[in-house]
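Morning, everyone. I'll walk you through one part of a model today. Please bring it up on your screens.

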Amino acid sequence: MLTREGMAIARAKGKLAGKQPKLTDRQQRELRRMHATGEYYISEIAEIFSLPRPTVYHTRNRRLSP
């Protein structure tokens with residue numbers, strides 16, 4: 001009960017944001033561009049950005065914030 005109340009208060013103050021993305025919006029755009037060219041494999045992109053492959057897949061499929 002106390003946890004939910006605390007979370008509601010934090011949310012109201014704009015303090016409850018969740019986990020932040022590993023890449024900036026600019027890096028996400030570059031990752032998508034690299035993948036769209038077809039010149040890079042997912043494993044190569046993962047190595048370039050120092051990310052695990054699943055994160056590359058998630059980033060590729062995620063929409064950018066407006």
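Start with α3. The buried residues of α3 pack against α2 and α4. Keep in mind that this is a predicted model.

Which residues of α3 are buried? They are I42, I45, A46 and F49. Look down the helix axis. The buried residues of α3 fall within an arc of 100 degrees, so they line one face of the helix.

Now move along the chain. Just after α3 comes S50, with a positive phi of about 55 degrees. S50 takes that value although it is not a glycine. Where is S50 found? In the loop between α3 and α4. Is S50 buried or exposed? The relative accessibility of S50 is 64%, so it counts as exposed; the cut-off for exposed is over 50%.

On to α4, which spans residues 53-61. Here T55, V56 and T59 are buried. Seen down the axis of α4, the buried residues fall within an arc of 100 degrees, so they too line one face of their helix. Turn to the other side of α4, and you find H58 and N61 exposed.

What covers the buried residues of α4? The cover includes α2, residues 25-37, and α3, residues 42-49.

To recap. The buried residues of α3 pack against α2 and α4. The cover over the buried residues of α4 includes α2 and α3. In the loop between α3 and α4 sits S50, with its positive phi. That's my part. Over to you.

Key:
Residues numbered from 1 in each chain as written. Predicted model: local features only at pLDDT ≥ 70, side-chain atom pairs only at ≥ 80, totals over all residues. Heavy atoms only, no water. Buried < 20%, exposed > 50% of the residue type's maximum accessible area, 1.4 Å probe, protein only. Helix = DSSP H or I, 4+ residues; strand = E, 2+ residues; numbered from the N terminus. Arc of directions from axis to C-beta. Contact = heavy atoms within 4.5 Å.
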